[in-house]
Amino acid sequence: MAGLVENIQAQALDANVKVSDLLRRVKVAAVKLKLDDASEWVDRELKGYAQNDIVPAYRQTIGQLKAHSRFHGIIPVSGDAEWVRNICKNPVLESIAKVEALAGDGSEELVAKVHGSIESAMNKAHGTPGTEYYIHSSQAIFLDVLDQVRTLVLDWSIELERAGILGEGIDFSVEEKNIAVKVASTIHIENFTGHLHQGEVSGDQNRSIVASNDQSMNTIALPLLLKQIIEAVQVGVCNEIERNALLATIRRLSGGS
């Protein structure tokens with residue numbers, strides 16, 4: 001009878017096994033072996049990440065900023081590369097089950113709305129009232145998250161096997177549990193590598209999936225937009241606390257300039 005670790009390996013290699021089901025089996029193994037870092041990682045993947053959580057690198061994505069204008073249609077925004085890049089950071093915070101539901105065949109386009117305060121400041125500075133800003137990215141980002149999680153699980157299970165931990169049925173021997181205690185500091189399922197704070201960028205992480213191909217060649221340039229936005233906030237936001245908070249967010253997005 002195959003042990004739990006070998007079953008995890010087999011399921012990680014089987015594309016027909018849902019990643020959410022695979023992770024639940026990983027959680028059983030991690031809890032029984034008292035591998036707390038793996039158990040915590042699985043819980044985050046199953047429940048989803050909060051706005052201020054440390055987000056693994058494979059869940060951090062960069063989309064393309066586009067303006068949705070009533071008069072000009074969908075217009076790509078270009079210009080200050082670092083400013084646009086910071087706005088377009090759009091981590092995948094959803095639970096793995098929702099990621100599976102959203103993945104589809106990877107051919108659609110995703111849009112996530114830019115936070116209202118940043119959008120209002122951009123419109124005031126650019127003189128474009130009513131324009132909405134969205135971060136566009138490919139639906140394939142969800143497929144990539146699923147693939148990366150599956151690979152992490154496979155690598156983790158291989159390391160357990162190398163350490164002599166296979167299990168029997170859904171349990172482990174006393175000897176295997178003792179081995180796990182000794183190797184816990186060297187076998188990790190995932191090392192979190194960055195802290196990404198959503199803050200004022202994309203709000204509640206609401207996403208829409210649309211089937212669209214934007215052929216527009218028009219762009220909104222941003223070489224002076226950062227300065228214009230700051231000036232618009234300084235003049236147009238009367239409440240000092242709100243004004244200072246919004247200016248701090250804008251400067252953070254621009255890299256502190």
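At what angle do helix H5 and helix H7 pack, and how far apart are their axes? This is a predicted model, in which local features need pLDDT of at least 70, side-chain atom pairs count only at pLDDT 80 or more, and totals for chains, interfaces and linings use all residues. Residues are numbered from 1 along each chain as its sequence is written, and side-chain values use heavy atoms, without hydrogens and water.

The protein has 10 helices and six strands, taken as DSSP runs numbered from the N terminus (helices H or I, at least four residues; strands E, at least two). Of its 257 residues, 47% are buried, that is, under 20% relative accessible area with a 1.4 Å probe, protein chains only.

Helix H5 (residues 96-103) packs on helix H7 (residues 140-162) at an angle of about 135°, with the axes 8 Å apart. Axes are lines fitted to C-alpha atoms over the stretch in contact, and angles run from 0 to 180 degrees between N-to-C directions. H5 is therefore oblique to H7, the class left after under 35 degrees (roughly parallel), over 145 (roughly antiparallel) and 65 to 115 (roughly perpendicular).

The contact (heavy atoms within 4.5 Å) involves Ile96, Val99, Glu100, Leu102 and Ala103 of H5, and Phe142, Leu143, Val145, Leu146 and Val149 of H7. Ile96, Val99, Glu100, Leu102 and Ala103 are also the buried residues of H5. In an α-helix there are 3.6 residues a turn, so residues three or four places apart point the same way. After H5 comes Gly104, with a positive phi near 50°.

Technical notes:
Buried < 20%, exposed > 50% of the residue type's maximum accessible area, 1.4 Å probe, protein only.
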